[in-house]
Amino acid sequence: MDTAKLRGWHIAGFFFTVILGPLLHFTYEWSGDSFAVGLFSAVNESVWEHLKMLIVPMLVSTLIEYIFYGRRIACFLPVRLLSILLGMLVIITVFYTYTGILGKSYVVVDIILYFVAVYLSFRYSYLRLESGESCSYFVHVLAAMGLLLLAAAVVVFTLNPPEIPLFQDPLTGAYGILR
């Protein structure tokens, strides 16, 4: 694929994610706590629910890009799976490191962290896809399954989250979707 077109798709995906992601922080409440909306929107203030703000738009962006050009790129799905996991890792690592050091979280830092994680995810994806490296069909299939598992995890961990700090709302102590 032409480098300029690839760059354009990644810039569009970045903006799509940084706009839709923060909106997903509010859509559950705006919907009157709709169960269906809660499956893909943040339903509480846990770190997991904030990760959904990165995961969901990036999965949607990945699907759209796959339809338009990604299926013609051998490593598209593996790279996109790794880019989403990278963004998640950045958020989890930096959030728990800075809150561990400072003793609390700061909304401004969390917002900046979200934008940095999205940027790094799309930057990684762009650089890997631009390199033109090839992947085996088996790796492509594994990545497709990984993306489907990630989408399933968004739903499953909203409905039945493990009782560990990643999934606990620090304000209420609750886990998962609030009913």
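**Questions on a predicted helical model**

Student: At 43% relative accessibility, which term applies to Ile 11: buried, partly exposed or exposed?

Tutor: This is a predicted model, in which local features need pLDDT of at least 70 and side-chain atom pairs count only at pLDDT 80 or more, while totals for chains, interfaces and linings use all residues. Residues are numbered from 1 along each chain as its sequence is written, and side-chain values use heavy atoms, with hydrogens and water left out. Buried means under 20% relative accessible area, exposed means over 50%, and partly exposed lies in between (1.4 Å probe, protein chains only). Ile 11 has a relative accessibility of 43%, so the term for it is partly exposed.

Student: Which helix gives the most residues to the nonpolar patch?

Tutor: Ile 11, Phe 15, Ile 19, Leu 23, Phe 26 and Trp 30 make a nonpolar surface patch of about 630 Å², where a patch takes residues with over 30% relative accessible area and no salt bridge, joining nonpolar side chains (Val, Leu, Ile, Met, Phe, Trp, Tyr) within 5 Å and like charges within 9 Å. Ile 11 is found in helix α1, and helices (H or I, at least four residues) are DSSP runs numbered from the N terminus. With 4 residues, the largest contribution to the patch comes from residues 3-24, helix α1.

Student: How far from the side chain of Asn 44 does the backbone oxygen of Gly 176 lie?

Tutor: Asn 44 sits in the loop between α3 (35-38) and α4, and with a relative accessibility of 5% it counts as buried. A polar atom of its side chain lies 2.8 Å from the backbone nitrogen of Ser 46. From the backbone oxygen of Gly 176 to a polar atom of the Asn 44 side chain, the distance is 3.0 Å.

Student: How many residues apart are Lys 52 and Glu 49, whose side chains meet in a salt bridge?

Tutor: Side chains of opposite charge can pair when their charged atoms come close, and a salt bridge is a side-chain nitrogen of Lys or Arg within 4 Å of a carboxyl oxygen of Asp or Glu. Lys 52 and Glu 49 meet at 2.7 Å, N to O, although Lys 52 is buried at 0% relative accessible area and Glu 49 is buried at 1%.

Student: Which helix holds Arg 80, the salt-bridge partner of Glu 65?

Tutor: The side chains of Glu 65 and Arg 80 meet in a salt bridge at 2.9 Å, N to O. This pair links distant parts of the chain, 15 residues apart, with Glu 65 in helix α4 and Arg 80 in helix α5.

Student: Which residue forms a salt bridge with Glu 133?

Tutor: Glu 133 is partly exposed, with a relative accessibility of 33%, and Arg 128 is partly exposed at 24%. At 2.7 Å, N to O, the side chain that meets Glu 133 in a salt bridge is that of Arg 128.

Technical notes:
Accessible areas come from the Shrake-Rupley method with a 1.4 Å probe; for residues, only the protein chains shown count as cover. Helices (H or I, at least four residues) and strands (E, at least two) are DSSP runs, numbered from the N terminus. A polar contact is a pair of N or O atoms within 3.5 Å; within protein, one must be able to donate a hydrogen and the other to accept it, and residues adjacent in sequence count only if both atoms are side-chain atoms.
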